[in-house]
Amino acid sequence: MATKPGILTDWPWTPLGRFKVYVILAPWAIHSTYSFIIKDKSERSLSLFLIFPFLLWRMLHNQIWISLSRYWTAKGKNSIIDKSIEFEQVDRESNWDDQILFNGALFYLASKTLTQAENLPLWRTDGVIMTILLHSGPVEFLYYWLHRALHHHYLYSRYHSHHHSSIATEPITSVIHPFAEHIAYSALFSIPMLTAILTDSASIASIAGYLTYIDFMNNMGHCNHELIPKWLFSIFPPLKYLMYTPSFHSLHHTQFRTNYSLFMPLYDYLYGTMDKSTDELYEISHKREAELPDVVHLTHLTTPESIYQLRLGFASLASKPYTSKWYFSLIWPVTLWSMMLNWLYGRTFIVERYHFNKLRLQSWVIPKYRIQYFLQYQNETINSLIEEAILEAEERRAKVLSLGLLNQAKELNRYGALYVERHPKLNVKVVDGSSLAVAVLLNSIPRGTTQVVLRGKLTKVAYALAFNLCQRGIKVVTIIEDEFLKLNKSFNTNSESNLVFSASFSPKIWLVGDGLDKEEQLKAPKGTLFIPFSQFPPKKLRKDCYYHSSPAMVTPRSLENLHSCENWLPRRVMSAWRIAGIVHALEGWNEHECGYTMSNIEKVWQASLQHGFQPLLFPTESKY
C-alpha cells in the first residue's frame with residue numbers, strides 16, 4: 001500500500017477475492033467460445049476466441065519467470081541485490097494477475113465496440129512494423145515522463161511508493177501498482193495497438209507479440225538476476241541505448257531518482273538521469289559467484305502436488321501452510337509433467353537460501369515423493385541421491401548437512417549412519433536432528449501430566465521420547481503389544497517400570513506417529529491432545545480434540561529471507577529437525593548426530609533457546 005493511498009488505489013474487484021476470475025472473465029470466455037463453435041465458419045471471430053487462451057499464456061509466461069527467478073536467486077550466481085524478501089512482500093505481490101484480468105476485460109470490450117477489431121487476421125507485416133515504431137517512439141518517450149511524474153512527492157506518496165516497497169524485486173513486482181497507475185499504463189501501451197486497429201493494419205500476431213514483449217521485458221527487468229551477456233553489447237555497442245538490463249532497473253529500485261526509462265535507456269542518457277554506477281553494477285553482477293552454504297537442509301517432495309508448494313512453485317501457496325487445492329485437479333497435466341521431469345532429471349536441486357547470524361543456509365530437495373520411501377526397490381536410488389548431496393555439500397565446504405524429512409527411515413539408511421560409515425573422513429557434519437525433536441516434544445507435553453499414550457511407528461525419536469518420559473516418572477502407555485515389547489527390550493534400565501501395555505485409551509495426552517489409524521483416533525477420549533512425534537501430522541478427524549503441530553519452533557526475526565512455509569507449518573516456523581542443523585553449526589559442535597547417536601537433549605534445547613528459537617505455542621495449550 002502507498003504511503004498516503006490516493007483515489008483508485010484499490011482494484012474494483014478486490015472484494016471478490018478468489019472469485020474475481022469467474023465474475024470478470026468467465027462470461028466473456030464462455031460467450032466467445034460458444035459463438036466460435038456454433039457460428040458458421042465465415043462468421044467466426046478467431047481473434048475474439050483467442051483472447052482467453054492468450055490470457056492463460058500470459059499467466060503461464062509470468063509463472064515461468066517467477067520460478068526461474070526464484071531458482072536463480074536461490075543459487076545466488078549473478079544476483080544483483082542481496083536483500084531479503086519477507087512474507088509482507090509476498091502478500092503484497094500476490095495479486096499480480098489483476099493486470100491480466102484488467103487487460104482481458106479491455107480486449108473483450110474493444111472486440112465488441114470497435115468494428116475493426118472484430119475479426120483480425122493472423123499476420124500483417126505493416127501492422128507489426130507500425131507497432132514497433134510506435135513503441136520505440138511515443139510510448140517510450142511518454143513513459144519516461146510519466147514515470148518521472150510518478151516520482152514527484154505528491155504522486156509518489158499516493159501511488160508509486162506501493163511499487164517501490166519492494167527493494168529486492170521479483171518478476172511479478174513489475175505489475176504491482178495501484179489501479180490508477182494501471183489505467184495510465186494501459187492507455188499508454190494501447191497507443192500502438194489502437195493505432196494499428198483503427199488503420200486496419202492490426203493482426204493477432206502484432207497484438208499478442210507486443211504484449212508478450214512487454215511481459216518479457218518487465219519480468220526480465222525485475223528478476224534481480226543479471227542475464228544479459230556481455231558479448232551482446234560488444235558486437236553492437238549502440239544496444240545499450242535501446243535495451244535495458246536487470247541491473248539497470250535494479251538501480252532504480254535502490255536509488256529512486258535515476259534510470260526512469262521503460263525498456264530503452266536512451267531517454268535517461270538524453271536527460272541526464274542515467275545512474276553513474278549502472279555499468280559498474282552490471283560488471284559486478286556478472287562476476288558474482290554462486291553462494292557457498294554453511295548449512296544445507298535436505299528434504300524431499302511429499303505429494304505430486306507439493307511441487308506447487310515449494311518456493312519455486314506458486315508464491316502465494318508457498319507462503320502459506322500446505323493444503324490441497326481443488327484446482328490442482330485441473331492442472332494435472334502440469335503435475336504429470338513435473339513428475340516425469342523429476343523421474344528423468346533425477347537430481348537434487350536448490351529451492352531457497354537464507355541467512356542467520358552470518359550463517360549461509362540453503363534448502364535442497366531430493367526429487368522423490370514420500371510414497372517412494374516405502375518402496376524397497378527405490379532404496380538404492382534414494383540412498384545414491386542423498387549420498388551425492390552429502391558429497392556435494394562437502395565439496396562446497398558446508399559445515400552441517402541436516403537430513404530433515406530423510407532421517408526417519410531406519411530401513412533406508414539406518415538414520416543416516418550409512419553415509420558416515422562409507423565416508424569416515426567427512427568434514428561436513430551429518431545431523432538428523434533427533435535430539436532437538438525429542439526436546440521439543442518433552443516441552444510440548446503439558447505440565448502435571450502423569451501418563452501418556454504412545455502410538456505409531458517406532459523411530460529413533462519415539463524410542464528416545466519413551467525412554468526420557470519413563471525416566472521422568474511419566475507412565476508411557478502402549479496399546480500395541482509389539483510396540484511394547486520393542487520399547488521394553490530397548491530400555492534395559494529400571495525405567496521400564498513406567499512402560500505399560502494396556503488396552504485402555506483413557507489418557508488425554510497422545511504421542512502419535514505414522515501408523516495411527518482412524519479407529520484408534522476415534523477411541524481417544526474427548527478433549528485429547530494429539531502431539532505428533534513424526535514429521536507428518538495425523539489427519540484431524542476429531543472436532544472435540546486438540547492437535548499439536550509436529551515438532552517445530554518459531555524462528556527469530558533475525559533469520560532473513562524466510563518467506564515460504566515448511567510444508568504444513570505456520571509462517572516463520574521451522575521443524576525441529578531443520579533447526580537442529582542450524583544450531584549445530586552455530587555452536588560449532590564437531591560430531592555427527594545420525595545413526596543411533598544422539599546429542600545431549602537438554603544441551604541442544606538450551607542452545608536453541610539461546611539463539612532465539614522459541615517453542616511453538618497453540619491457543620489450546622492454555623486449557624492444559
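**Cavities first, then one serine**

Me: How do the residues lining the largest cavity split by class: how many are nonpolar, polar and charged?
Reply: Keep in mind that this is a predicted model. Sorting the lining of the largest cavity by class gives 5 nonpolar residues, 4 charged ones and 9 polar ones.

Me: What volume does that largest cavity have?
Reply: The structure holds 7 cavities of 30 Å³ or more. For the largest cavity, the volume comes out at about 270 Å³.

Me: Which of the lining residues are closest to its centre?
Reply: There are 18 residues in the lining of the largest cavity. The ones closest to the centre are T299, L310, C565, E566 and N567.

Me: Which element gives the largest share of that lining?
Reply: Two elements give two or more residues to the lining of the largest cavity, strand 2 (349-356) and strand 1 (295-300). The largest share is 3 residues, and these come from strand 1.

Me: And the second largest cavity: which residues are closest to its centre?
Reply: The second largest cavity has a volume of about 60 Å³. Its lining has 10 residues, which divide into 5 nonpolar, 4 polar and 1 charged. Closest to the centre are Q535, S550, N567, W568 and S575.

Me: Over to S261. Is S261 buried or exposed?
Reply: S261 sits in the loop between helix 13 (246-255) and helix 14 (266-270). Its relative accessible area is 1%, and the cut-off for buried is under 20%. Therefore S261 counts as buried.

Me: Which residue's side chain makes a polar contact with the side chain of S261?
Reply: S261 touches Y143, Y144, F248, L266, Y267 and D268, leaving aside residues up to four places away in sequence. Its side chain also reaches the backbone oxygen of M264 at 3.2 Å. Side chain to side chain, there is a polar contact of 2.6 Å, and the partner of S261 is D268.

Me: Last one: how far apart are the end C-alpha atoms of residues 139-273?
Reply: UniProt lists residues 139-273 for "domain: Fatty acid hydroxylase", in an unreviewed entry. In the model, that span is 60% helix and 0% strand. The distance between its end C-alpha atoms is 18 Å.

How values were computed
Residues numbered from 1 in each chain as written. Predicted model: local features only at pLDDT ≥ 70, side-chain atom pairs only at ≥ 80, totals over all residues. Heavy atoms only, no water. UniProt positions renumbered as here; feature names shortened; annotations may be inferred. Helix = DSSP H or I, 4+ residues; strand = E, 2+ residues; numbered from the N terminus. Buried < 20%, exposed > 50% of the residue type's maximum accessible area, 1.4 Å probe, protein only. Polar contact = N/O pair within 3.5 Å; in protein donor to acceptor, adjacent residues only side chain to side chain. Contact = heavy atoms within 4.5 Å. 1 Å grid on protein atoms, 1.4 Å probe; cavity = no way out; pocket = protein on both sides within 12 Å on 5 of 7 lines; lining within 4 Å. Points joined across faces, edges and corners; volume = space filled by probe spheres on them. Nonpolar A, V, L, I, M, F, W, Y, C, P; charged D, E, K, R; others polar.
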